[in-house]
Amino acid sequence: MQLIYFSAVPWASFQQRPHEFAGWAHRRLGARVLWVEPYPVRLPMLQDLRRPASTLPAADKLPDWLEIIAPKALPVEPLGLGRALNHALFWPNIISKLRAFASRDSQTLIGVGKPSHLALCAVEAMPDARCFYDAMDDFPAFHRGAARTANAQIERAIVERCFACSTSSTYLADRLRKSNGRVHLVPNGLATERTPDASAIRSPGNSFGYVGTLGAWFDWEWIAALATAWPERAVEIHGPMYRQPTVKLPSNVHVHPALPHAQALQTMAGFGAGLIPFLQNELTESVDPVKYYEYRGLGLPVISTPFGEMRRHGSEPRVVLTSNPGESRAQIEALLASRDTAESVSAFRGAHAWDTRFEPLAAVLAPAS
């Protein structure tokens, strides 16, 4: 079986749902994977200059089941003329490479992890390949104006051509079912092989902490309110900053640069509680945060705003959802006083491991006999 996978993130980025899906498809379905790197699907913005350039790893550093293609494209996809230019200048060469890869096996699956004009063209150019869409975000919601309209139209055209879809949140599942009735809810999960042994989990620290991107969805006002309510506790924030603080932060809030992925879990394990301070808006309505699974897989309690899929996790053990941390002090103090056992942490990891998450898709995606 061959999998051509249009990823939402670069292979060289820290491991996320796309990496886990590709690895699972190889292990479970025996797929060889051609990973298509993402390219700009909106017009350039000034903030793009602050983003580090992505570099492809050397071929000899890749798993033997994986190949990577990095499409060249002009950053003009929202414009009709821009799509026509990319189609004329770059897509024929890319489509030829995709066809050559697919020709190695009679069973080819096109997996789309992010809607793009190139992905749509590939689906249309390879009608014998089965197409599958896995949405980890509400991608059109990341855009405005022409980019939003174009991305929504492209996503709908892809979804309508897919034999099945999956998504990480109930909100996205409901939205995609308007275009395709065969949508499977596959929540996010946890990379259990990268977490320390459950019996080795250390005693909780005294700090509140967050590790992740500080983007447009990050709620700085909530962080300030939490830090003000607990001046005796440090609030440690680690991540690349794309949204500057919108309020003056108390002195016990410490903002740090992004961590190498290998250190992220180690740093998280030293927190007294994991934070998920996301704004409640259209962008976060579709989000099932991987951080929830990482925190709980480390035996940490979770304090979060009540956004997106976190509202469904709010009834789970050692989770407090609050829009106003100061008003939830009694709940949070009770949360901090409780503890997980090694057995409960192991059970959580087993139930939410990525392979467990994707397993229901095995019968859906398996090659036809």
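Residues are numbered from 1 along each chain as its sequence is written, and side-chain values use heavy atoms, without hydrogens and water. Because the model is predicted, local features need pLDDT of at least 70 and side-chain atom pairs count only at pLDDT 80 or more, whereas totals for chains, interfaces and linings use all residues.

**Aromatic contacts**

The structure contains 19 aromatic pairs, a pair being rings of Phe, Tyr and Trp (its six-membered ring) with centres within 6.5 Å; planes under 30 degrees apart are stacked, over 60 edge-to-face, and the rest tilted. One of them joins Trp11 and Trp35 edge-to-face, at 4.9 Å centre to centre and 80° between the planes. Trp11 belongs to the loop between strand S1 (2–6) and helix H1 (17–29), and Trp35 to strand S2 (residues 32–36), so this pair ties together parts 24 residues apart in sequence. Helices (H or I, at least four residues) and strands (E, at least two) are DSSP runs numbered from the N terminus. Trp11 is buried at 18% relative accessible area, and Trp35 is buried at 0%; buried means under 20%, exposed over 50%, and partly exposed in between (1.4 Å probe, protein chains only). Ring pairs also link a cluster that includes Trp11, Trp35, Tyr5, Trp65 and Phe358.

| Charge | Ring | Distance to ring centre |
|---|---|---|
| Arg233 | Phe208 | 5.4 Å |
| Arg296 | Phe348 | 5.9 Å |

In helix H8 (residues 261–269), the residues Ala264, Leu265, Met268 and Ala269 are buried. They span an arc of only 125° around the axis, which places them on the same side of H8; the arc is taken from the directions from the helix axis to the C-beta atoms. Ala262 and Gln266 are exposed on the other side. The cover over the buried residues of H8 includes strand S8 (208–211) and helix H9 (290–297).

Thr284 lies in the loop between strand S11 (273–276) and H9 and is buried, with 2% relative accessible area. Beyond its neighbours within four places in sequence, Thr284 is in contact (heavy atoms within 4.5 Å) with residues including Trp217, Phe278 and Phe307.

**Enclosed space**

The largest cavity holds about 70 Å³ of space. A cavity is a set of points on a 1 Å grid over the protein atoms alone where a 1.4 Å probe fits but cannot get out, and lining residues have an atom within 4 Å of a point. Its lining includes Phe6, Val36, Tyr39 and Lys114.

Note on methods:
A charge sits over a ring if NZ of Lys or CZ of Arg is within 6 Å of the ring centre and within 35 degrees of the ring normal. On a 1 Å grid over the protein atoms alone, a cavity is a set of points where a 1.4 Å probe fits but cannot get out, and a pocket is an open set with protein on both sides within 12 Å along at least five of seven lines; lining residues have an atom within 4 Å of a point. Grid points are joined across faces, edges and corners, and a volume is the space filled by probe spheres set on the points.
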